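Please open the structure in your viewer and keep the selection tool at hand. We will go from one stop to the next, selecting a few residues each time and saying what is found there.

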Amino acid sequence: MTLIGTKMVEDGRTAREIFEQLISNPARNKFGFGDKLAIVNVDVQQAYTRTDMFKTAYETDPHQIDYINRISSLARSHEMPVIWSRVAYKEDAADAGVWGTRTDTEDSLQNIKYDSERHKLDPRCEVAPNDLQYTKRMPSAFFETSLASYLTWHKVDTVVVTGGSTSGCVRATAVDALSHGYRTIVPIETCADKHESYHFANLTDLQIKYADVEPVQTVIDWLEAQ
């Protein structure tokens, strides 16, 4: 039999090596920037960012939140929307659905309660009064939230996704952004995950299929040129 397709590749490269090789030699057209973007900062909350407080927190780039603040500020200066999502559940966690059934410890997802320390945005986040803030229940910042209608009202055509985790809620939000018809951009330094394999494997998959995975400087340069 003649092989036309591809058998699964097993070549010993790490997820980081695969990503770095992909980014250094892009083979696909970019979606690029449109006319107006929105910054969607996904779950930059203490449960996931405060490594000094919670077991569930993680750090990839120590300047992640600085970069998020920078591009958010630039977007605001051009009257482009900035959005902050968080995740939390009611006391009995019944609104977590099947997602909340795998574990049940104090560190479990469904035990992030409204207005708890785990629910709060990281204090390093520079949130402006007119930024949109809301609490979601599922991975994507789009799922059963007002995000899509908010972006439609603001005539946005490009979504920049930051936050955590790269392999979880960032990925889910980026896939949904593309599915809603938005040019989707994921700035590398603005995302974080617990393990470099998860982080880089998902950045690779996003770059190949769903988003432009770019250095954050690319977003900064575009915004400064507006």
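Begin with the largest pocket of this predicted model, and select Tyr48, Trp99, Leu109, Ser165 and Lys194, which among the 26 residues of the lining lie nearest the centre of the pocket. The volume of this pocket is about 610 Å³. If you colour the lining by class, you will find nine nonpolar, 10 polar and seven charged residues. Which helix gives the largest share of this lining? That share, three residues, belongs to H5.

Next, select helix H5, residues 166-179, together with helix H6, residues 196-210, whose axes come within 10 Å of each other and cross at roughly 5°. Because angles under 35 degrees count as roughly parallel, H5 and H6 are described as roughly parallel to each other. To see where the two helices meet, show the side of H5 that includes Thr166, Arg171 and Leu178, and then the residues of H6 in this contact, among them Tyr198, Asp205 and Tyr210. By class, the contact of H5 with H6 holds seven nonpolar, four polar and three charged residues.

Finally, move to the second largest pocket, which has about 180 Å³ of space, and select Val9, Asp11, Arg13, Ile18, Gln21, Leu22, Thr204 and Ile208, the residues that line it. Helix H1, residues 15-24, and H6 each supply at least two residues of this lining, and the largest share, three residues, comes from H1. Coloured by class, this lining shows four nonpolar, two polar and two charged residues.

How values were computed. Residues are numbered from 1 along each chain as its sequence is written. This is a predicted model: local features need pLDDT of at least 70, side-chain atom pairs count only at pLDDT 80 or more; totals for chains, interfaces and linings use all residues. Side-chain values use heavy atoms; hydrogens and water are left out. Axes are lines fitted to C-alpha atoms, for helices over the stretch in contact, and angles run from 0 to 180 degrees between N-to-C directions. Helices (H or I, at least four residues) and strands (E, at least two) are DSSP runs, numbered from the N terminus. Angles under 35 degrees count as roughly parallel, over 145 as roughly antiparallel, 65 to 115 as roughly perpendicular and the rest as oblique. Contact means heavy atoms within 4.5 Å. Ala, Val, Leu, Ile, Met, Phe, Trp, Tyr, Cys and Pro count as nonpolar, Asp, Glu, Lys and Arg as charged, and the others, Gly among them, as polar. On a 1 Å grid over the protein atoms alone, a cavity is a set of points where a 1.4 Å probe fits but cannot get out, and a pocket is an open set with protein on both sides within 12 Å along at least five of seven lines; lining residues have an atom within 4 Å of a point. Grid points are joined across faces, edges and corners, and a volume is the space filled by probe spheres set on the points.
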